[in-house]
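Here is a friendly walk through a few parts of this structure, strand by strand and helix by helix. Have a look at it first, then read on.

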Amino acid sequence: MKKEFKEKAAEIVAKMTLEEAASQLRYDSPAIERLGIPEFNWWSEGLHGFARAGTATVFPQAIALAAAFDKEMVRKVAEVVSTEARAIYNENKKHGDRDIYKGITIWSPNINIFRDPRWGRGQETYGEDPYLTGRLGVEFIKGLQGDGKYLKTAACAKHAAVHSGPEATRHSFDAVVSNKDLEETYISAFEEAVNEADVAGVMGAYNRLNGEPCCGSKALLVDIFRKRFGFDGYIVSDCWAIRDFHENHMVTSGPTESAKMALDATCDLNCGIVYLHIMKAYEEGLITEQQIREAAERVYTVRASLGMFADDCEYDSIDYDAVDTKESKDLAYQAGLKSVVMLKNDGILPLDRSKIKTIGIIGPTATSVTVLNGNYNGTASEYVTNLDGIRAAAGDDIRVLYSEGSHLYLDKVQPLAREDDRIQEAVIVAEHSDVVILSLGLDSTIEGEEGDTGNAFAAGDKNSLFLPACQQRLLEAVTKTGKPVIVVINTGSAMDVTFADENCNAVLQAWYSGEYGGRALADILFGKVSPSGKLPVTFYKEGTLPEFSDYSMKGRTYKFMDSAPLYPFGYGLSYSSFSYGAPSFDDATNEIKVDVTNTGKVAADEIVEAYISSAEGAKLADQPKYCLCSFERVSLLPGETKTVTLKIMDKSFTVVKEDGERFIPGGEYTIYVGGQQPDDRSTELTGNTVQSVKIHK
């Protein structure tokens, strides 16, 4: 944080009584009228669009943005979020409305690692890889915060740390991790958020980390974030997480002790009610005046950084006309296009209009707006569902038939009907169609955060990687008709769709796809645009994962799993094909250059991926097979060749010992470059291999 804003904060806090300063450490900070300070609610959301405050652009969910492997696009999305947040804040402020969700302190991005596909909140993340998460997280934060004198909005990296389910026990769970996994996997992206993006805020997690509640952990928040990372922004608790200290973790006896534990760990702001007891804790001698004022100065430094106490803030002039613009809508559509991952295609795609008279659209997600929204969403002024998009793209020449096919997860659609009451209709539609597009998946009513879903049996998590049983029966019944079937999966996580892979003609992963998700899907199905997304997570087969509550990385993610996945991290098909020249490495700049050629017949984007392995590092125990170390998206016309430059971070040359020490082993490294991982399963699925270059450090 800039010195001038720290000085301004200190000046303001010095004028407060101690009780007034303590009152400012709550997310719903009250006004201090005698000082001319208005009330301010810190709680606003902007995960993939400004959320919960009315109309705003709804982009594809974070996991979908990750599938695009596009740093520039992620930054542009965040710029729209911050613009719309400022516009809505400015306008509401004029009318005296300072309610929750209408502020400019955005509690995003979620840079937790999606270590297990059963976690309902994994949809909020950028996937399973620390490098990908770090690169996209940094860009999102920069897009939110801007590059002006003041912060456009204040980003908040969450949830620190080691947080990824189970949701049902998050208020009492102790995530036990090794020093190696903590350093190598769980806190890497947070360090980059602090040191590269200068993130304004960090949110602590609900769970304990090796015995300490994260929002009261000196080892995590003081020793790692404050001292090692040098973080001088504000730390906020997850909502009602400090109450968990005494009600669920049982590490304190009551709210005053919990307030002490959190303040001792420099948790400045309480999303919850425990800090209502701060003055009592002070009177009992548990905390000091200095602690209260230091915390108040940190939160007021953020408010000063946002220009709240200045008359020259460049963002105060952003008008409501900046909300829901043609440009932001187009970006939502483009993001939808780039995020779709084609997992299988036997040649049926793109659809040939000349051979199709009737398309059957079947499935419970075909008309769903909820699958466009995901969770932590705003409200778009217009939505294009899968059915809407395909019907519009089909035009007048192709007839579109529709059947819901099944409920999303129940055995019947109509309560008084027999089980599978829509399957027969789906079979009839399939029989009368030339091709079937089967729209399946989940949505945020059953996959998401504990308390936010109707999924009471798993608190938002998944008990299984398979589709809900009613949808699986629908899939099998439609496939038995013998008609060509294209399966579209709308989920926020990896599923075991082995049956679809083995029995259907094509499979597309469309995620929670944003306000124009159906339009983007249709344009890919009909070949207007080639699919270009790659998987930011591994698609496992059911039964191959370790225990959900086991936070060891052994057996998880592409780096440590020891069985073949259904679909690998970094995998995705195209309507075109690409060839790679021999990569070259510049030791002075740590850059790889490689020529990439579109050898197909259509214009297409390719995502160039680079992975690194260390010969010396591999001699240590439990090392990754290799790690993603760079990626770039390139657009190529048929026959066109471009030289792609891949920057390798110094951090990518390190390995982590069992004790958590990160060091550069030196010696020989191999860097693999191509459109996929250097693994056998990717080669089996694509028929392609990767190039490699050996270097010495």
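## A strand tucked inside

Let's begin with strand β13, residues 485-490, in this predicted model. Six of its six residues are buried, so β13 is largely enclosed by the rest of the structure. Buried here means under 20% relative accessible area. Both faces of the strand are covered: one side carries V485, V487 and I489, while the other carries I486, V488 and N490, and all of them are buried.

## The partners of β13

What does β13 pair with? One partner is strand β12 (residues 435-441), which pairs with β13 in the parallel sense over six bridges. If you'd like a spot to look for, L440 has I489 in β13 as its bridge partner.

Strand β14 (residues 506-509) is also joined to β13, this time by four bridges, and these two run parallel as well. Here V488 stands opposite L508 in β14. To get from β13 to β14, the chain passes through helix α18 (residues 498-503), and this β-α-β crossover is right-handed.

Next up are helix α16 (residues 423-431) and helix α17 (residues 469-479), whose axes come within 9 Å and cross at roughly 30°. The crossing of α16 and α17 is right-handed.

Which residues make the contact? From α16 come I423, A426, V427 and A430, and they meet R473, L474, A477 and V478 in α17. Sorted by kind, the residues of this contact are seven nonpolar, no polar and one charged.

## A sheet of four strands

Further along, four strands make an open sheet in the order β19-β18-β23-β24, and the pairing is antiparallel. At the edges sit β19 (627-636) and β24 (691-696), each of which pairs on one side only. Ignoring direction, neighbouring strands in this sheet are turned by 20° against each other on average.

Take strand β18 (residues 604-614) and strand β23 (residues 668-674): they pair in the antiparallel sense over six bridges. Along this pair, Y611 stands opposite Y672 in β23.

## A sheet of three strands

There's also an open sheet of three strands, ordered β4-β6-β7, with mixed pairing. Its edge strands are β4 (174-175) and β7 (212-213), each pairing on one side only.

Strand β6 (residues 208-209) pairs with β7 in the antiparallel sense over two bridges. L209, for one, has E212 in β7 as its bridge partner.

Note on methods:
Residues are numbered from 1 along each chain as its sequence is written. This is a predicted model: local features need pLDDT of at least 70, side-chain atom pairs count only at pLDDT 80 or more; totals for chains, interfaces and linings use all residues. Side-chain values use heavy atoms; hydrogens and water are left out. Two strands pair if DSSP finds at least two bridges between them. Buried means under 20% relative accessible area, exposed over 50%, partly exposed in between (1.4 Å probe, protein chains only). A crossover is right-handed if, with the strands pointing away from the viewer, the path from the first strand over the helix to the second runs clockwise. Axes are lines fitted to C-alpha atoms, for helices over the stretch in contact, and angles run from 0 to 180 degrees between N-to-C directions. A crossing is left-handed if the near helix is turned anticlockwise from the far one by less than a right angle, and right-handed if clockwise. Contact means heavy atoms within 4.5 Å. Ala, Val, Leu, Ile, Met, Phe, Trp, Tyr, Cys and Pro count as nonpolar, Asp, Glu, Lys and Arg as charged, and the others, Gly among them, as polar.
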